[in-house]
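The entries below follow the order in which I went through it.

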Amino acid sequence: MLNAEQEVPGYKLLLPETSEIVWTLIFLVIFAVVFMKFILPRLNAVLDERSEKIEGGLKKAEEVQQQADDLRATQEQELAAARQEAAGIREKARQDGTRIVEEAKARAEAESERVLVAGRQQLTAERQTASAQLHHEVGSLASDLASKIVGESLTDDERSRRVIDRFLDDLESNQTATR
């Protein structure tokens, strides 16, 4: 040991003693061997496991992303098909609507024509009925008038019927000639 009174040169203050250097080197070698033999393999195993987990997670994320992309593509195809089907349905509905309108017009025209034909037939029947009634009334009036003019009763139905028919035929031929 040095006494405090002895002077030590300045460079020795910075350098440790040789025995301290040797013991420090021995401790460092022992620590390095223990560290490399026991701690470093465990540390590498933990790091390897961690990197495997990260790589697995990345692969899983890529797979999920690929599945999501596939699902999105499938959905887009289905959406496009649904849009196309909807357009087809709308076009068919338009065609059906046009067809229904045309059928309704045809039915309405047919119904209108039927009503017109029925009306004409009814009008013709009423005209014939009115003409027959008119013939009968005119016949009876003509018979009454002839009875008054002649001064005798025309009770012979057959003869009066012939006279009346001849009179009406003449009347009708005069009316058609004047038209």
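Predicted model: local features only at pLDDT ≥ 70, side-chain atom pairs only at ≥ 80, totals over all residues.

Before reading any accessibility, I wrote down the terms: buried means under 20% relative accessible area, exposed means over 50%, and partly exposed lies in between, with a 1.4 Å probe and protein chains only.

Residues are numbered from 1 along each chain as its sequence is written, and side-chain values use heavy atoms, with hydrogens and water left out.

Entry on the whole chain. I looked up the secondary structure, where helices (H or I, at least four residues) and strands (E, at least two) are DSSP runs numbered from the N terminus. The protein chain has 3 helices and 0 strands, and from the N terminus on its elements read α-α-α. Of its 179 residues, 3% count as buried. I put down an accessible surface of about 16,400 Å², of which 59% belongs to carbon and sulfur atoms; such areas come from the Shrake-Rupley method with a 1.4 Å probe, and for residues only the protein chains shown count as cover.

Entry on the record. UniProt, in an unreviewed entry, lists residues 21-40 as "transmembrane region", and in the model I found this span to be 100% helix and 0% strand, with its end C-alpha atoms 26 Å apart. The unreviewed entry also lists residues 54-92 as "coiled-coil region", and there too I read 100% helix and 0% strand, the end C-alpha atoms being 56 Å apart. I kept in mind that UniProt positions are given in the numbering used here, that feature names are shortened, and that annotations may be inferred rather than shown by experiment.

Entry on charged pairs. Side chains of opposite charge can pair when their charged atoms come close. I counted a salt bridge where a side-chain nitrogen of Lys or Arg is within 4 Å of a carboxyl oxygen of Asp or Glu, and the count comes to 7 salt bridges.
- Glu49 pairs with Lys53, the closest N and O atoms being 3.6 Å apart; both lie in helix H2 (residues 18-150), 4 residues apart, or about one turn of the helix. Glu49 is partly exposed at 45% relative accessibility, whereas Lys53 is exposed at 59%.
- Arg94 pairs with Glu91 at 3.0 Å between the closest N and O atoms, and I noted that they sit 3 residues apart in helix H2, again about one turn.
- Lys92 meets Asp96 at 3.1 Å, N to O; they are separated by about one helical turn because they are 4 residues apart in helix H2. Lys92 is partly exposed at 48%, and so is Asp96 at 24%.

Which residues are linked with Lys92 and Asp96 in a network of salt bridges? I found Arg99 and Glu103 to be the other members.

Asp165, Asp169, Asp170 and Glu172 form a negative surface patch. Asp169 lies in helix H3 (residues 157-178) and is partly exposed, with a relative accessible area of 47%. For patches I used residues with over 30% relative accessible area and no salt bridge, joining like charges within 9 Å and nonpolar side chains (Val, Leu, Ile, Met, Phe, Trp, Tyr) within 5 Å. Asp and Glu count as negative and Lys and Arg as positive, while His and the chain ends are not counted. I took the place of a charge as NZ of Lys, CZ of Arg, CG of Asp or CD of Glu.
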